[in-house]
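Please look over the sequence and the coordinates before reading on.

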Amino acid sequence: MLQTVSKTGFHLLAGSTTLKSLASRYGMRRGGFARRFIAGETVEEAIDACRVIQAAGLTTTLDYLGESVASMSEADTATRAYLGVLEQIAAAGIERNVSLKLTQLGLTIDRATSVDNLRRILDAAAARQFFVRIDMENSPYTAVTLDVFETMWQQGYRNTGVVLQSCLRRSETDAARMNSLGARVRLVKGAYKEPRDVAHQAKADVDAAFVRIMRMLLADGAYPAIATHDPAMIAAADEFVRERSIAPDRFEFQMLYGIRRDLQTSLHAQGSRVRVYVPFGREWFPYFMRRLGERPANVGFVIRGIAGER
């Protein structure tokens with residue numbers, strides 16, 4: 001039924017404070033519908049989830065949910081929150097790897113201030129040996145996100161990486177650009193509904209681009225992250241790795257928290273490195289609903305992920 005709800009409908013639902021309150025009350029309780037995909041609303045819950053994952057031999061990246069803040073005050077609050085998250089992760093002794101979005105730091109309000117906020121986080125992260133992945137949002141932010149990332153790179157920040165989406169027509173050029181820098185890239189297919197002039201529309205074209213970019217990153221990139229739950233993409237990566245005799249410690253697979261945990265475990269058992277993307281925070285409901293609204297097919301993806309798990 002959810003797949004029939006329009007994008008506008010999902011966005012309206014995402015903005016409903018009443019529904020958000022109800023969802024927060026029921027979705028994150030023990031056995032709640034969101035528990036499987038969101039580690040919790042607090043960093044303590046997320047750290048506990050990471051401990052379980054890491055005890056199984058997998059690695060993690062923590063994402064404190066939030067994006068598209070409406071004021072610089074909110075951006076400052078998000079930045080301070082991230083600084084606190086870094087401290088708590090360091091104190092907990094778990095792996096030091098986080099992901100964030102630039103619109104969470106104020107990119108849509110003032111680019112210069114958002115860059116300053118990012119620099120505050122990268123400085124604190126560097127002091128504690130964290131790696132910070134700058135997530136990619138929808139296509140209006142692709143160029144500016146890569147520009148900000150490259151600015152940070154040129155200023156000497158090496159504890160950060162970025163994300164490319166194979167659905168975007170520009171991504172093969174961007175992959176070559178990131179490879180020339182020696183920057184770490186997470187490759188995803190892309191969950192946003194994008195216009196035809198900037199993005200491939202057919203799944204076969206998105207998959208074909210994913211394989212081409214994946215090969216570029218594996219052959220010439222710096223520790224790429226192949227982020228997919230698609231067995232066909234994983235098989236293509238495995239085949240290329242065997243052909244080129246690429247060592248397992250030169251790349252990693254990445255998957256979302258709660259999706260295809262059986263596949264995560266089997267890849268690890270086969271000797272592959274697997275990192276789990278662990279989202280948490282009180283803003284999980286609008287995040288979750290917007291993801292569905294951007295592409296209702298994601299509902300089917302989630303359902304297939306659950307159904308495919310043994």
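Does Ser272 count as buried or exposed? In this predicted model, Ser272 has a relative accessibility of 13%, which is under the 20% limit, and therefore it counts as buried.

**Ser272 and its surroundings**
- Ser272 is found in the loop that runs between helix 10 and strand 8, the latter covering residues 274-280.
- When residues up to four places away in sequence are not counted, Ser272 touches Phe253 and Leu267.

**The chain as a whole**
- The secondary structure of the chain consists of 12 helices and eight strands, and 52% of its 310 residues count as buried.
- Among the contacts in the chain with a separation of 6 or more, 72% are between residues 24 or more positions apart.
- The chain has an accessible surface of about 13600 Å², and carbon and sulfur atoms account for 53% of that area.

**Helix 9**
- Helix 9 comprises 14 residues, 231-244, and at 1.5 Å a residue it should span 20 Å, which agrees with the 20 Å between its end C-alpha atoms.
- Its buried residues are Met233, Ile234, Ala236, Ala237, Phe240 and Val241; seen down the axis of helix 9, these buried residues fall within an arc of 160°, so they line one face of the helix.
- The buried residues of helix 9 pack against helix 8 (203-220), strand 7 (252-256) and helix 10 (261-269), whereas the face turned away from the buried side carries the exposed residues Arg242 and Glu243.
- At the start of helix 9, the backbone nitrogen of Ala232 has a side-chain oxygen of Asp230 within 2.9 Å, while the residue that follows the helix, Ser245, has a positive phi, near 55°.

**Nonpolar cores**
- In soluble globular proteins, nonpolar side chains tend to be buried together.
- The largest nonpolar core in this model has 71 residues, and those with the most contacts inside it are Leu62, Val98, Leu100, Leu102, Leu118, Met214 and Val278.
- Leaving aside neighbours within four places in sequence, Val278 is in contact with Ala39, Cys50, Ile53, Thr60, Thr61, Leu62, Asp63 and Tyr257.

How values were computed. Residues numbered from 1 in each chain as written. Predicted model: local features only at pLDDT ≥ 70, side-chain atom pairs only at ≥ 80, totals over all residues. Heavy atoms only, no water. Helix = DSSP H or I, 4+ residues; strand = E, 2+ residues; numbered from the N terminus. Buried < 20%, exposed > 50% of the residue type's maximum accessible area, 1.4 Å probe, protein only. Contact = heavy atoms within 4.5 Å. Areas by Shrake-Rupley, 256 points an atom, 1.4 Å probe, with all protein chains shown as cover. Expected span 1.5 Å × (residues − 1). Arc of directions from axis to C-beta. Polar contact = N/O pair within 3.5 Å; in protein donor to acceptor, adjacent residues only side chain to side chain. Core = buried A, V, L, I, M, F, W, Y, C linked by side-chain atoms within 4.5 Å.
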